[in-house]
Amino acid sequence: MSLFQLAFDYAAPVFLISSPVTSYADQIVSIHRSRSSAGFSLDIPLIMLIASILK
């Protein structure tokens with residue numbers, strides 16, 4: 001097994017687990033800085049929901 005294959009085998013599951021959180025990272029930071037959820041866009045969860053259904 002090559003080094004690349006070994007790295008890919010460990011990195012892929014970590015990416016799949018962390019991708020929902022990282023996709024909201026900009027909104028999480030914005031909400032944390034402003035201490036308000038006023039900047040939260042409902043478009044992003046809708047796009048993520050549709051993408052999850054279609055895959």
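Biologist: Helices here are DSSP runs (H or I) of at least four residues, numbered from the N terminus. Where does Ala11 lie?
Modeller: Ala11 lies in helix α1, which covers residues 3-23. Please note that this is a predicted model.

Biologist: What about Leu3: buried or exposed?
Modeller: Leu3, which is also found in helix α1, counts as exposed because its relative accessibility is 69%, and exposed means over 50%. From Leu3 to Ile50 the separation is 47 residues in sequence and 36 Å in space, C-alpha to C-alpha.

Biologist: Next topic: at what angle do the axes of α1 and α2 cross?
Modeller: They cross at roughly 45° and come within 5 Å, with helix α2 spanning residues 25-34. The two helices are therefore oblique to each other, because an angle between 35 and 65 degrees falls in neither the roughly parallel nor the roughly perpendicular class.

Biologist: Which residues meet there?
Modeller: On the α1 side they are Val21, Thr22 and Ser23, which meet Ala25, Asp26 and Ile28 of α2.

Biologist: Staying with α2, is Gln27 buried or exposed, and why?
Modeller: Gln27, a residue of helix α2, counts as buried because its relative accessibility is 9%, and buried means under 20%.

Biologist: What is Gln27 in contact with, leaving aside neighbours within four places in sequence?
Modeller: With that exclusion, the contacts of Gln27 are Phe40, Ser41 and Ile44. For Phe40, the separation from Gln27 is 13 residues in sequence and 6.2 Å between C-alpha atoms.

Biologist: How far is Ser37 from Gln27?
Modeller: Ser37 is 10 residues from Gln27 in sequence, and their C-alpha atoms are 8.9 Å apart. Ser37 sits in the loop between α2 and α3 and counts as exposed, because its relative accessibility is 54%.

Biologist: What can be said about the phi of Arg35 in that loop?
Modeller: Arg35 has a positive phi of about 55°, although it is not a glycine. Arg35 lies in the loop between α2 and α3, and its relative accessibility of 68% is why it counts as exposed.

Biologist: Last topic: which residues make the nonpolar surface patch?
Modeller: The patch is made by Leu46, Leu49, Ile50, Ile53 and Leu54, and its area is about 540 Å². Leu46 belongs to helix α3, which runs over residues 43-54.

Biologist: What is the relative accessible area of Leu46?
Modeller: The value for Leu46 is 47%, so Leu46 counts as partly exposed. Patch residues need over 30% relative accessible area.

Notes
Residues numbered from 1 in each chain as written. Predicted model: local features only at pLDDT ≥ 70, side-chain atom pairs only at ≥ 80, totals over all residues. Heavy atoms only, no water. Patch = residues over 30% accessible without salt bridge, like charges linked within 9 Å, V, L, I, M, F, W, Y side chains within 5 Å. Areas by Shrake-Rupley, 256 points an atom, 1.4 Å probe, with all protein chains shown as cover. Salt bridge = Lys/Arg side-chain N within 4 Å of Asp/Glu carboxyl O. Buried < 20%, exposed > 50% of the residue type's maximum accessible area, 1.4 Å probe, protein only. Axes fitted to C-alpha atoms, helices over the stretch in contact; angles between N-to-C directions. Parallel < 35°, antiparallel > 145°, perpendicular 65-115°, else oblique. Contact = heavy atoms within 4.5 Å.
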